[in-house]
Amino acid sequence: GNPELPTAVNITWSSINFKTILQWQPKPSGYFYTVEIHGQASDSKKKCILTAETECDVTDVLRNVRETYTAHILSVTSSGMDNFEEPPFAVSEKFTPFNQTVLGKPEIQNYTQKGSKLNVMFRDPLTPYTFPNGSFQSIRDIFQHDLEYKIYYWKDQSSGKKDATTKSHTFEVSVDSTKNYCFYIQGVIPSRRESRNGQESVVLCTSVGRSILDEYGAEVFIIIAVIAIAVITLAIVLSVILCKRKKAKAAREKEPLNGV
């Protein structure tokens, strides 16, 4: 091989819902990279052959998601793959998709707050892998009973959170029927040691006929009351002043007549 060629450094696996990207440094100059994926129980597979990039989508060669893989990133010249000498290469850390891929955001499909019940329906994130009929597998199809979901919910404009867990696609939690609630959902793999919690869904809030007091808070009403009292007091004071002036004027108008 060519021992003078630089080898890759800072090799990282980035995987969400089993879509897995291998990244490394530095940008090549005068040479290329080729990625080899080695499984514990499978033959090595080449990806991104003679690439000038520093990342490679290796999703399709990690289909056995329970297998543990390592990546060899070879530094080669354009003709370096044709000879029998092994080019210089760097080896990644081990990666097991089933244990290490990050769970993506669940998609909330519908939610209602009726009376004292908050009901939420959601959908599993999809993976890049397909069934024989071409439809995409969801993370539930792969994790099965290892997957559960948590909902975190709280009264709108409050910081105290509650949570609940389900293995289905719905939540039903008890709430205060007079208050609005905000919530989000995330997938969880309790059996994992690391990366147990997935990405959080968008935060959504219910809207159940909020009163003006709920909307603006008591402080605004106190200010309004103070202003109202001030206006009423001013009106009374002005009325008293005007009344006294009228009486004084009337008294002055009567004085000449009394002197005649």
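Me: Why is D60 called partly exposed?

Reply: This is a predicted model, in which local features need pLDDT of at least 70, side-chain atom pairs count only at pLDDT 80 or more, and totals for chains, interfaces and linings use all residues. Residues are numbered from 1 along each chain as its sequence is written, and side-chain values use heavy atoms, with hydrogens and water left out. Buried means under 20% relative accessible area, exposed over 50%, and partly exposed in between (1.4 Å probe, protein chains only). D60 has a relative accessible area of 41%, so D60 is partly exposed.

Me: What makes D60 and K47 a salt bridge?

Reply: A salt bridge requires a side-chain nitrogen of Lys or Arg within 4 Å of a carboxyl oxygen of Asp or Glu. The closest N and O atoms of D60 and K47 are 3.1 Å apart, and the pair is accordingly a salt bridge. D60 lies in the loop between β5 and β6 (69–76), K47 in strand β4, and 13 residues separate them. Helices (H or I, at least four residues) and strands (E, at least two) are DSSP runs, numbered from the N terminus. K47 has a relative accessible area of 18%, so K47 is buried.

Me: How many salt bridges does the structure hold?

Reply: There are eight salt bridges. One of them joins K27 to E53, with the closest N and O atoms 3.5 Å apart. K27, at 54%, is exposed, whereas E53, at 44%, counts as partly exposed. Another joins E148 to K167, at 3.9 Å between the closest N and O atoms. E148 lies in strand β12 and K167 in the loop between β13 and β14 (170–174), so this pair ties together parts that are 19 residues apart in sequence.

Me: Why is the pair of W13 and F95 called stacked?

Reply: Rings of Phe, Tyr and Trp (its six-membered ring) pair if their centres lie within 6.5 Å; planes under 30 degrees apart count as stacked, over 60 as edge-to-face and the rest as tilted. By this rule there are 12 aromatic pairs. The ring centres of W13 and F95 are 4.8 Å apart and their planes stand at 10 degrees, so the pair is stacked. W13 is in strand β1 and F95 in the loop between β7 (89–91) and α1 (97–100), 82 residues apart. Both residues are buried.

Me: What angle between the planes do W154 and Y184 have?

Reply: Their planes are 65 degrees apart and their centres 6.0 Å apart, and the pair is edge-to-face. W154 lies in strand β12 (residues 148–155) and Y184 in strand β15 (residues 181–188), so the pair ties together parts that are 30 residues apart in sequence. At 13%, W154 counts as buried, and Y184 counts as buried at 8%.

Me: How do you know that K161 lies over the face of W154?

Reply: A charge sits over a ring if NZ of Lys or CZ of Arg is within 6 Å of the ring centre and within 35 degrees of the ring normal. K161 lies 5.2 Å from the ring centre of W154 and over its face. Likewise, the charged end of R66 sits over the ring of F98, 3.9 Å from its centre.

Me: How many bridges join β12 to β13?

Reply: Five bridges join these strands, which run antiparallel. Two strands pair if DSSP finds at least two bridges between them, so β12 and β13 are paired.
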